[in-house]
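Q: Hi! Could you walk me through this one?

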Amino acid sequence: MSTVAAESVTRLTVDPNLLRAVTDSVSNALTMCNARARCVGISSVPPVDGGDVTGMIGIHGKVSGFVTVNVGNRCAVRLVEGLLQDQFGALSPQVIDGMGEITNIIVGGIKSAMSSTDRAFSHITVPSVIVGRGYQIAYAKGLDFLCVAFEHHDPESLVLQDRLLQVSLSMLRL
């Protein structure tokens, strides 16, 4: 049996401007969705298991990479229902399109907040939305990576997976 020595565990160092940009952007986007969430964790490694709906946008400027917004089906439906002020009840083409727009809102907020930093990016791609779980994203070595996990406030959701929202950034400084 192997053990991890306390000395081998390193402290996570996070750019406070980047973390604030992500948390503020998510908060602002969820306000538009008549929703709220609290930050429950940060990591410098990609999430192992995510939700069923992932919005993805490429970024380019002083850094190049992409941002993903990952949620479970229920969270996606609730957020888009709040954004569009309509009832969908289940994953639908409108919900998938709405998650692309929510991803765009979040990335736009991060772009604006980081515009005067060494991690600024001036160009973003059109959002793509991946539906389903059986995929993996391969990350190149040398990327700066940040994953921020939020718990969506939904009193009717009993399972954590239905409440998780994860924003991940992978960036290469140019």
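A: Happy to. Helices (H or I, at least four residues) and strands (E, at least two) are DSSP runs, numbered from the N terminus. This is a predicted model, where local features need pLDDT of at least 70 and side-chain atom pairs count only at pLDDT 80 or more, while totals for chains, interfaces and linings use all residues. Residues are numbered from 1 along each chain as its sequence is written, and side-chain values use heavy atoms, with hydrogens and water left out.

Q: Thanks. How many residues does helix α1 have, and how far does α1 reach?
A: Helix α1 covers residues 16-32, which is 17 residues, and reaches 24 Å from its first C-alpha to its last. That is close to the 24 Å expected at 1.5 Å a residue, the expected span being 1.5 Å times one less than the number of residues.

Q: Which residues of α1 are buried?
A: L18, A21, V22, S25, V26, A29 and L30 are buried in α1. Buried means under 20% relative accessible area, exposed over 50%, and partly exposed in between, with a 1.4 Å probe and protein chains only. Seen down the axis of α1, these buried residues fall within an arc of 150 degrees, so they line one face of the helix. The arc is that of the directions from the helix axis to the C-beta atoms.

Q: Why would residues three or four places apart point the same way?
A: An α-helix has 3.6 residues a turn, so residues at that spacing point the same way.

Q: And what covers the buried residues of α1?
A: The cover includes β1 (37-43), α2, α3 (93-113), β6 and β7, where contact means heavy atoms within 4.5 Å. The face turned away from the buried side of α1 carries the exposed residues P16, N28 and T31.

Q: Let's switch to electrostatics. How many salt bridges are in the whole structure?
A: A search finds 11, counting a side-chain nitrogen of Lys or Arg within 4 Å of a carboxyl oxygen of Asp or Glu. D15 belongs to a network of salt bridges that also links D118, R119, D144 and R173.

Q: Which residue meets R74 at 3.0 Å, N to O?
A: That is D154, through a side-chain salt bridge. R74 lies in helix α2 and D154 in the loop between β6 (144-152) and β7 (164-173), so the pair ties together parts that are 80 residues apart in sequence. D154 is buried, with a relative accessible area of 9%, whereas R74 is partly exposed at 22%.

Q: What about R74 and E156?
A: Their side chains meet in a salt bridge too, at 3.4 Å, N to O. R74 in helix α2 and E156 in the loop between β6 and β7 are 82 residues apart, so to speak distant parts of the chain linked by a pair. E156 is exposed, with a relative accessible area of 60%.

Q: Where does R78 come in?
A: R78 forms a salt bridge with D154, the closest N and O atoms being 3.9 Å apart. D154 lies in the loop between β6 and β7 and R78 in helix α2, so this pair ties together parts that are 76 residues apart in sequence. R78 counts as partly exposed at 26% relative accessibility.

Q: Which side chain makes a polar contact with the side chain of R78?
A: E81 does, at 3.2 Å. A polar contact is a pair of N or O atoms within 3.5 Å; within protein, one must be able to donate a hydrogen and the other to accept it, and residues adjacent in sequence count only if both atoms are side-chain atoms. E81 is found in helix α2 (residues 73-84) and counts as buried at 8% relative accessibility. Not counting residues up to four places away in sequence, E81 touches D86, Q87, F88 and G89.

Q: Last topic: how many disulfides?
A: The count is 0, with a disulfide being a pair of cysteine sulfur atoms within 2.5 Å. The sulfur of C75 is 9.1 Å from the closest cysteine sulfur, in C33, too far for a bond. C75 counts as buried, at 0% relative accessibility.
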